[in-house]
Amino acid sequence: MKYNFYKHNLHNDKIIFQDIKKIEETFPVPLYIYNGRDAWENAAEIQRCLGSSVRLCYAVKANYFLAESLIDIAAGFEICSRGELEYCLETHVPAGKISYSGVWKSEEDVRRALKVGVRRFVTDSSRQLAMLQKLADTKVKVLLRLSSGNQFGMNVHEIEKILSDRSQYPSLEISGIHYYAGTQRQFRYQLERDFRLLADALDYFENKGVPMKELQIGGGLGFPLFETDKIEEYENAADYLFGFIRSLSEQYQVTYECGRVIAANAGRYVTKVFEKKQREDREILFVQGGSHHIRYYGNVVGQRAPFIGGITKEKRQGESEYMVCGSLCSSSDILSMKFKHRPIEIGDYLLFYNAGAYNLQEASNLFLGMEMPGILRYNKNNNQPKMLDLGWSYHER
């Protein structure tokens, strides 16, 4: 079926040169624009697809700047670091909704989380479990991370041993398992492979008579980021995922954890062309910022074309093919090898779509000590725009 959270009509919005020029008077580009309303609507639709018996958990790592807009729609917020914890607290995400996951947790981190009221943890190892038992001064709920064969979590035998003897963890309510196999799944067969491992593990625990009542599952559902992606493949994968989750909810208390499909189309990256060069076979556009600001999952030196819009000062006739490069002193700072658009000149803007999830987080943003972009965030009511500063800036604001 078709899903609105994959909507690409956002690419056709009528942003004109004067709109960006007006924004730039107050908020210098390069600039991220995040829209909490888009994220909220995506989460609401995903919840409808899951059904009322499944809890929806937002994976904060996808974009913690959107967390505040999801407080009244997401039942949980999965964090993996002290930094994410502090940001969620600052933006009024209730500590009781936070699930503390992640490979690394120091004793100081755990004490802080317990102190502010976090009562749900995902443990990646028996060592983490023992540490949590030592530090917990009140009853906390724990899920054990089941490995999908990668470096994370524990195998079925380790989990079986823990679940079969919960008495050595009197401060912990060990209620089930957490499972996450991978990210940006585009095809149904990828999810079938991932969930086959989970289904086999659940059968194993059932045959061993190991009691379990709760599952938290990260489905890794992907989002079409490039012009060559076929949205039907993502929709087919989503059909399978939602059906599988609903079937599990008939036997277990299920939480579905996701981030990318909630956040992806809720963000855009705006930058300006500052240089233009002619080569034998193409024209090259140089933009402020670059790959240290924005990086799409699966794209290497611009070989795959993301959705880009040109915002030009005037409408020009014809069409040109461009290579889009950033401002770094690196030959790999290429944002798109092939970008077709009506003629673009120095001073025009480029708008990168579907930049709301992981783009900034996965970029090497410290390279050359270049200026960090600002973030203009709108809340879920599409008002109260707020400028957020990522770090150093060379502009007076």
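**Helix packing and a loop residue in a predicted model**

In helix H4 (residues 107-116), the buried residues (under 20% relative accessible area, with exposed over 50% and partly exposed in between; 1.4 Å probe, protein chains only) are Asp109, Val110, Ala113 and Leu114. Viewed down the axis of H4, these buried residues fall within an arc of 130 degrees, so they line one face of the helix; the arc is that of the directions from the helix axis to the C-beta atoms. The model is predicted, with local features needing pLDDT of at least 70 and side-chain atom pairs counting only at pLDDT 80 or more, while totals for chains, interfaces and linings use all residues. Residues are numbered from 1 along each chain as its sequence is written, and side-chain values use heavy atoms, with hydrogens and water left out. Helices (H or I, at least four residues) and strands (E, at least two) are DSSP runs, numbered from the N terminus.

The exposed residues Glu108 and Lys115 sit on the face of H4 turned away from its buried side. The cover over the buried residues of H4 includes helix H3 (82-90), strand S4 (98-100) and helix H5 (126-135). Just after H4, Gly117 adopts a positive phi of about 110 degrees.

Ile46, Cys49 and Leu50 in H2 meet Phe242, Ile245 and Arg246 in H8, where contact means heavy atoms within 4.5 Å. The residues of this contact of H2 with H8 comprise five nonpolar, no polar and one charged; Ala, Val, Leu, Ile, Met, Phe, Trp, Tyr, Cys and Pro count as nonpolar, Asp, Glu, Lys and Arg as charged, and the others, Gly among them, as polar.

Glu314 lies in the loop between strand S12 (308-311) and strand S13 (320-325). With 48% relative accessibility, Glu314 counts as partly exposed.
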